[in-house]
Amino acid sequence: MSTDAEQGFEQALASLEDRVRQLEGGDVPLEKALTLFEEGVDLARTCHEQLEAAEERVAQLVRGPRGIDERPLDDVQ
């Protein structure tokens, strides 16, 4: 089994959604609910980190004085 950090975004998100559904069902014992919650927090962290990494890779193309310039997303206004 892969760790959360090794999962792709879509797989981690699906795993998180599965845990949320189980918790929302309300039919799990307390210890299982705590385990699901802890796993969900780890999966949410994994998704957040992967989204931040993707955002860093995204660049906005803008027309500059020398043609098309590529700038990090945060630099574009």
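**Reading a predicted model**

The protein has two helices and two strands. The model is predicted.

Biologist: What is the order of the elements from the N terminus on?

Modeller: They run α-α-β-β. Helix α1 covers residues 9-25. Helix α2 covers residues 30-57.

Biologist: Why is Ser15 called buried?

Modeller: Buried means under 20% relative accessible area. Ser15 has 18%, so Ser15 is buried. Ser15 lies in helix α1. Leaving out residues up to four places away in sequence, Ser15 touches Gln7 and Leu43.

Biologist: How much of the protein is made up of buried residues?

Modeller: They make up 17% of the 77 residues.

Biologist: How do you know that Arg19 and Glu39 form a salt bridge?

Modeller: Start with the general idea. Side chains of opposite charge can pair when their charged atoms come close. The cut-off is a side-chain nitrogen of Lys or Arg within 4 Å of a carboxyl oxygen of Asp or Glu. The closest N and O atoms of Arg19 and Glu39 are 2.8 Å apart. That value is within 4 Å, so the pair counts as a salt bridge.

Biologist: What does the pair of Arg19 and Glu39 tie together?

Modeller: Arg19 lies in helix α1 and Glu39 in helix α2, so the pair ties together parts that are 20 residues apart in sequence.

Biologist: Are Arg19 and Glu39 buried or partly exposed?

Modeller: Arg19 has a relative accessible area of 17%, so Arg19 is buried. Glu39 has 29%, so Glu39 is partly exposed.

Biologist: How many salt bridges does the structure hold?

Modeller: It holds two. One of them joins the side chains of Arg45 and Asp42, at 3.1 Å from N to O. Arg45 and Asp42 both lie in helix α2. They are three residues apart, about one turn of the helix.

Biologist: Why do Arg45 and Asp42 count as partly exposed?

Modeller: Arg45 has 43% relative accessibility. Asp42 has 35%. Both values fall between 20% and 50%, so both residues are partly exposed.

Biologist: What makes Glu56 exposed?

Modeller: Exposed means over 50%. Glu56 has 69% relative accessibility, so Glu56 counts as exposed. Glu56 lies in helix α2.

Biologist: Which residues form the negative surface patch?

Modeller: Glu49, Glu52, Glu55 and Glu56 form the patch. Glu counts as negative, which means that the patch is called negative.

Biologist: Which residues make the nonpolar surface patch?

Modeller: Leu23, Phe37 and Val41 make the patch, with about 250 Å². Val41 is found in helix α2. A patch residue needs over 30% relative accessible area. Val41 has 33%, so Val41 passes that cut-off and counts as partly exposed.

Biologist: How far apart are the C-alpha atoms of Phe9 and Cys47?

Modeller: They are separated by 5.8 Å, and the residues are 38 apart along the chain. Phe9 has its place in helix α1. With residues up to four places away in sequence left out, Phe9 touches Cys47, Gln50 and Leu51.

Biologist: Why is Phe9 called partly exposed?

Modeller: Phe9 has 23% relative accessibility. Buried means under 20%, so Phe9 is not buried but partly exposed.

Key: Residues numbered from 1 in each chain as written. Predicted model: local features only at pLDDT ≥ 70, side-chain atom pairs only at ≥ 80, totals over all residues. Heavy atoms only, no water. Patch = residues over 30% accessible without salt bridge, like charges linked within 9 Å, V, L, I, M, F, W, Y side chains within 5 Å. Areas by Shrake-Rupley, 256 points an atom, 1.4 Å probe, with all protein chains shown as cover. Charge placed at Lys NZ, Arg CZ, Asp CG, Glu CD. Helix = DSSP H or I, 4+ residues; strand = E, 2+ residues; numbered from the N terminus. Buried < 20%, exposed > 50% of the residue type's maximum accessible area, 1.4 Å probe, protein only. Contact = heavy atoms within 4.5 Å.
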